[in-house]
Amino acid sequence: MKKVFKFYKFSKKIVYNRIEKERWLKCACPILAIKEGVEMKTIEIEKFRSGFVTLMGRTNVGKSTLLNLLVGEKVAAIANKVQTTRTAIKGIVNREKSQIIFVDTPGIHKPRTKLNETMLETSFLSMIDSDVVLFLIEATSEEIGRGDHIILEKIKEAKKKTILIINKIDLVKRDTLLNLIDIYRKEYEFEAVIPIQATNQKYREIVLEEIEKNLKYGPAYYDIEEYTDQTLRQLAEETIREKALKLLQDEVPHGIYIEVEKMKQRQNKQGEEIYDIEATIYCLRESHKGIIIGKNGEMLKRIGRAARMDMEENFDVKINLKTWVKVKEDWQSNDLVVNKFKLK
């Protein structure tokens with residue numbers, strides 16, 4: 001099948017498109033009702049697309065940043081450290097003629113604990129169940145590295161529709177980018193190759209349009225007002241962990257996990273809605289506990305303050321957050337804890 005490059009007029013935008021004939025599928029249900037404010041409008045279901053899209057890539061390649069960009073809401077923790085994402089986090093994008101459910105997966109890395117093994121299992125199982133795979137790589141790569149090669153082999157085995165996303169294009173020249181595209185084109189028949197900068201809003205619509213074209217026709221899986229399947233409790237845990245990842249020393253964050261022990265909604269004296277949240281930060285060693293708490297409790301206060309402000313902005317509600325730190329030395333190999341990170 002013939003393929004062409006499509007060069008966009010604005011700087012550094014290239015999309016490599018696979019041209020294929022569109023087919024209209026018939027459905028027993030002729031229309032899909034979509035709520036828009038207080039009104040209802042209908043869309044012919046033959047023209048509505050939906051499906052699951054898995055983000056795959058090595059650790060710290062920018063998957064969570066891209067997910068938040070595409071969803072338009074903060075659903076995944078972002079930090080400049082590996083293993084920021086531990087579970088398969090879903091983000092939902094509702095468009096006029098499609099619903100795209102993104103699954104952000106843990107980065108591919110060498111497993112050293114039971115938790116690491118579970119994270120890898122989550123990544124590959126998510127890909128098997130997806131309709132489209134977004135394979136995210138870095139523009140600074142000069143060849144297909146070991147981690148990217150492993151992902152590529154899994155994609156080949158699954159024979160999934162895959163869009164190659166090349167992130168961080170602001171760090172390389174055009175010739176370097178074209179050379180990298182050529183290397184990957186020889187390895188797999190990608191539906192599209194899209195160079196982007198995941199922190200730049202202008203790339204959002206290009207990626208979404210390309211994904212939409214590759215989805216099957218069918219109804220929405222989630223209510224159109226939803227943007228994630230995570231509970232408020234899970235979002236709170238992710239927010240606290242993100243702040244810890246950003247503020248703590250490198251050796252500490254990967255040895256922590258967060259558990260919200262209490263979440264209760266009430267009204268304050270002014271009649272405002274407020275959530276009382278009590279959370280525990282678990283760490284592996286007593287020495288880590290001291291670092292997390294900090295001198296006179298200052299580090300723990302900084303983590304809590306940053307998490308509270310972020311939650312108030314994202315949840316649009318007042319937050320009363322209390323945090324504690326406890327040592328749980330074996331949690332990375334504890335089945336009761338590790339099972340929380342398995343694909344549901």
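1. Strand β12 and strand β13 (residues 273-283) run antiparallel and are joined by 10 bridges. Within this pair, R266 stands opposite I274 of β13. Please keep in mind that the model is predicted.

2. Which strands make up the open sheet, and in what order? There are three, ordered β12-β13-β14, and the pairing is mixed. The edges are β12 (257-267) and β14 (318-327), each of which pairs on one side only. From one strand to the next, the twist averages 15 degrees.

3. Helix α6 (residues 232-247) lies across β12, β13 and β14. The direction of α6 is at about 125 degrees to β12. Helix α7 also packs on the sheet, where α7 touches β13 and β14. The angle between the directions of α7 and β14 is about 155 degrees.

4. Now the nonpolar cores. The largest has 48 residues. Which of its members touch the most others? They are L66, F102, L134, F135, I165, I166 and I211. Strand β8 (residues 132-138) gives the most to this core, contributing six residues. Another core, of 24 residues, lies apart from the largest one. Its members include L235, C283, I319 and L321.

5. Two backbone angles deserve a look. Most residues other than glycine have a negative phi. K168 has a positive phi, near 70 degrees, and is not a glycine. Where is K168 placed? K168 sits in the loop between β9 (161-167) and α4 (174-185). Its relative accessibility is 24%, so K168 counts as partly exposed. The cut-offs behind that call are 20% for buried and 50% for exposed.

6. N296 is the other residue to check. Phi of N296 is positive too, near 55 degrees, again in a residue other than glycine. N296 belongs to the loop between α7 (286-293) and α8 (298-315). Is N296 buried or exposed? N296 is exposed, because its relative accessible area is 67%, and exposed means over 50%.

7. Then view the 48-residue core and the separate core of 24 residues. Finish with the positive phi values at K168 and N296.

Technical notes
Residues are numbered from 1 along each chain as its sequence is written. This is a predicted model: local features need pLDDT of at least 70, side-chain atom pairs count only at pLDDT 80 or more; totals for chains, interfaces and linings use all residues. Side-chain values use heavy atoms; hydrogens and water are left out. Helices (H or I, at least four residues) and strands (E, at least two) are DSSP runs, numbered from the N terminus. Buried means under 20% relative accessible area, exposed over 50%, partly exposed in between (1.4 Å probe, protein chains only). Two strands pair if DSSP finds at least two bridges between them. Axes are lines fitted to C-alpha atoms, for helices over the stretch in contact, and angles run from 0 to 180 degrees between N-to-C directions. Contact means heavy atoms within 4.5 Å. A nonpolar core is a set of buried Ala, Val, Leu, Ile, Met, Phe, Trp, Tyr and Cys residues joined through side-chain atoms within 4.5 Å.
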